[in-house]
Structures are given as C-alpha cells and as structure tokens.
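Trainee: I would like to go through this structure by asking about it one point at a time. Please keep the answers plain.

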Amino acid sequence: MAVTNERVTQYAFLEVLYEDPYFPHHVLDKGRAVLLRLCERVEAERPADLAALYALTRAATDEFNRLEAEFEAAGSEIETVAREEISADFQFIAEAYGFPDADMETLVASRDW
C-alpha cells in the first residue's frame, strides 16, 4: 500500500541524518522504510484515539531498536542527534494524521536508544 497523505509524501524523513556522513545511508534507508510502513499502517488501520496510535508507534519504535545493531556494525549509533531526529519524525507523523496532541516521548516510549 502506498502512502496517500500529501504532507507525508512531500516530507523528507531523517533529512538531517542523511546530511551527516556519520550515519550510513543504507541503514537510514531502513529507518526511513520503518517510518513509511508506520504511515501505511496508520492509513490502513485509522487509529481512533491516541492509545491506538501509540500501539502502532510502539511497533515502529521496536523496529528502530533492532536497527541499532546495524548502525553499530557500520561504525555509527543512534545518538543524541539521531534520537531527536527520529523522535521528531514520529511527532510529524502523529500530527500529519490528525493527532497534534500526541506526546513525543510516548510515541517512542519503547525505545532503547
């Protein structure tokens, strides 16, 4: 399923990280795919409330947790700049799909990065 939300299709996920050579593009591509899958799930499942949205973002955050080993294997890590950028992209997704009151920390509560 392709993402149809126009705000999302025009948004550059992980943009700041792609501009920094410290972050390997092949791993960032996987992170971007996680975020796009989250958007697809939000569009398909249409969460009725924040609790339902948080369940979806928890699954996507868990996928990012699994990417940490790939960052490390490539000589990188999900450090402060990456944490902020990834969290901001989760916040953008929440807002783009009608959840402006979503709490950024709750969106990525299951993170271990």
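Trainee: Is E105 buried, partly exposed or exposed?
Mentor: This is a predicted model, so the answers rest on computed values. The relative accessible area of E105 is 47%. Buried needs under 20% and exposed needs over 50%, so E105 is partly exposed.

Trainee: With which residue does E105 form a salt bridge?
Mentor: The closest N and O atoms of the pair are 3.4 Å apart, and a salt bridge asks for such atoms within 4 Å.

Trainee: How far apart in sequence are the parts that the pair of R37 and E63 ties together?
Mentor: R37 lies in helix α3 and E63 in helix α4, so the pair ties together parts of the chain that are 26 residues apart.

Trainee: Are R37 and E63 buried, partly exposed or exposed?
Mentor: R37 has 36% relative accessibility, and E63 has 23%.

Trainee: By about how many helical turns are R41 and E45 separated?
Mentor: An α-helix has 3.6 residues a turn, so residues three or four places apart point the same way. R41 and E45 are four residues apart in helix α3. Their separation is therefore about one helical turn.

Trainee: E68 is buried yet has no salt bridge, so which side chain of opposite charge is nearest?
Mentor: E68 is found in helix α4, residues 50-73. Leaving aside neighbours within four places in sequence, E68 is in contact with E77, I78 and W113. The nearest side chain of opposite charge is 7.3 Å away, whereas a salt bridge needs the atoms within 4 Å. That side chain is R83.

Trainee: What span is expected for α4 at 1.5 Å a residue?
Mentor: α4 has 24 residues and reaches 35 Å from its first C-alpha to its last. That reach is close to the expected span, which is 34 Å.

Trainee: Where does α4 bend?
Mentor: The bend is about 30°. The bend is at L67.

Trainee: Which elements give two or more residues to the largest nonpolar core?
Mentor: The largest nonpolar core has 34 residues. Among those with the most contacts inside it are V8, F64, F90 and Y97. The elements that give two or more residues to this core are α3, α4 and α5.

Trainee: Is L14 buried or exposed?
Mentor: L14 sits in the loop between α1 (6-9) and α2 (15-18). Phi of L14 is near 60°, a positive value in a residue other than glycine. Most residues other than glycine have a negative phi. With a relative accessible area of 1%, L14 is buried.

Trainee: Is R46 buried or exposed?
Mentor: R46 is found in the loop between α3 and α4. Phi of R46 is positive as well, near 45°. At 67% relative accessibility, R46 counts as exposed.

Trainee: Which residues does M1 touch, not counting those up to four places away in sequence?
Mentor: M1 lies in the segment before α1. At 58% relative accessibility, M1 counts as exposed. The residues that M1 touches are E40, E43 and A44.

Note on methods. Residues are numbered from 1 along each chain as its sequence is written. This is a predicted model: local features need pLDDT of at least 70, side-chain atom pairs count only at pLDDT 80 or more; totals for chains, interfaces and linings use all residues. Side-chain values use heavy atoms; hydrogens and water are left out. Buried means under 20% relative accessible area, exposed over 50%, partly exposed in between (1.4 Å probe, protein chains only). Lys and Arg count as positive and Asp and Glu as negative; His and the chain ends are not counted. Contact means heavy atoms within 4.5 Å. The expected span of a helix is 1.5 Å times one less than its number of residues. The bend at a residue is the angle between axes fitted to the seven residues ending there and the seven starting there. A nonpolar core is a set of buried Ala, Val, Leu, Ile, Met, Phe, Trp, Tyr and Cys residues joined through side-chain atoms within 4.5 Å.
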